Amino acid sequence: MEQANHKERIILGIDPGTAVMGYGLVLEKGPKIELISLGVVKMDKIDDHMLKLQRIFEKTVALIDNYKPDCLAIEAPFYGKNIQVMLKLGRAQGVCMAAALSRNVSITEYAPRKIKQSITGNGSATKEQVSAMLQTLLKFSETPDFFDATDGLAVAVCHSFQKIQVSRGGKVTSKKSHSGWEAFVKDNAARVSIIPKK
């Protein structure tokens with residue numbers, strides 16, 4: 001399970017898909033992050049949707065068993081016009097989550113816009129812009145065959161950025177994460193007002 005005071009942690013980022021699933025792993029050492037691995041799982045040759053889901057589950061479990069990540073960051077399905085595509089993406093995401101849960105790995109979900117915003121500063125950035133920024137940040141030159149790989153990596157880096165905040169003076173400050181609503185209310189009593197029931 002993820003712990004707040006880890007000096008080092010490995011983050012697995014996944015961009016779920018039913019044709020191609022992208023993934024990336026980073027090692028976070030205090031305020032620095034290093035690339036461990038990135039890649040794709042291709043499923044375009046599998047016709048049966050249930051077999052695709054099985055492959056997603058097995059590959060996610062294999063990544064977790066191989067790299068022992070402390071947490072999983074996953075991209076949420078975007079709200080497109082095609083309901084069938086949304087449903088399939090939601091299933092793919094759910095299967096990734098089930099794989100992480102089966103190994104007691106904590107999960108955080110991010111909207112596509114939030115991921116792009118945290119990497120490039122622009123929530124409407126293109127896949128090319130996200131990929132180029134990641135290459136600069138993590139100092140790698142290989143161009144992946146699929147942008148799905150850098151999309152998966154972007155989710156991991158986005159998650160790392162949520163824990164590291166730089167104040168105006170340039171000092172790195174740690175952002176406190178809360179385990180639930182009750183913990184947030186307890187730590188932020190002055191900010192929360194309770195409306196009595198009638």
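I count a contact as heavy atoms within 4.5 Å. Helices (H or I, at least four residues) and strands (E, at least two) are DSSP runs, numbered from the N terminus.

**Ground rules.** I'm working on a predicted model, where local features need pLDDT of at least 70, side-chain atom pairs count only at pLDDT 80 or more, and totals for chains, interfaces and linings use all residues. Residues are numbered from 1 along each chain as its sequence is written, and side-chain values use heavy atoms, with hydrogens and water left out.

**Helix pair.** I looked up what helix 1 touches in helix 2: H49, M50, L53, I56, F57, T60, V61 and I64 meet K88, R91, A92, V95, C96, A98, A99, A100 and S102. By class that contact has 12 nonpolar, three polar and two charged residues. My classes: Ala, Val, Leu, Ile, Met, Phe, Trp, Tyr, Cys and Pro are nonpolar, Asp, Glu, Lys and Arg charged, and the others, Gly among them, polar.

For the geometry I fitted axes as lines to C-alpha atoms, for helices over the stretch in contact, with angles from 0 to 180 degrees between N-to-C directions. Helix 1 (residues 49-67) and helix 2 (residues 83-102) pack at about 35°, axes 9 Å apart.

**Cores.** I take a nonpolar core as buried Ala, Val, Leu, Ile, Met, Phe, Trp, Tyr and Cys residues joined through side-chain atoms within 4.5 Å. Buried is under 20% relative accessible area, exposed over 50%, partly exposed in between (1.4 Å probe, protein chains only).

The largest core has 20 residues, and L12, I14, M21, Y23, I56 and L72 touch the most other members. Strand 1 (8-15), strand 2 (20-29), helix 1, strand 4 (71-75) and helix 2 each give it two or more residues. A second, separate core of 19 residues includes I11, A154, A156 and C158.

I then checked M21, leaving aside neighbours within four places in sequence: its contacts include I14, V41, I56, L63 and C96.

**Cysteines.** I found zero disulfides, taking one as a pair of cysteine sulfur atoms within 2.5 Å. C96 is buried at 0% relative accessible area, and C158 is buried at 0% too.

**Lysines.** Which loop holds K68? I find K68 between helix 1 and strand 4. Its phi is positive, about 50°, although it is not a glycine. K68 is exposed at 59%.

K139 sits in the loop between helix 4 (127-138) and helix 5 (147-163). Phi of K139 is near 55°, and K139 is exposed at 72%. Background note: most residues other than glycine have a negative phi.
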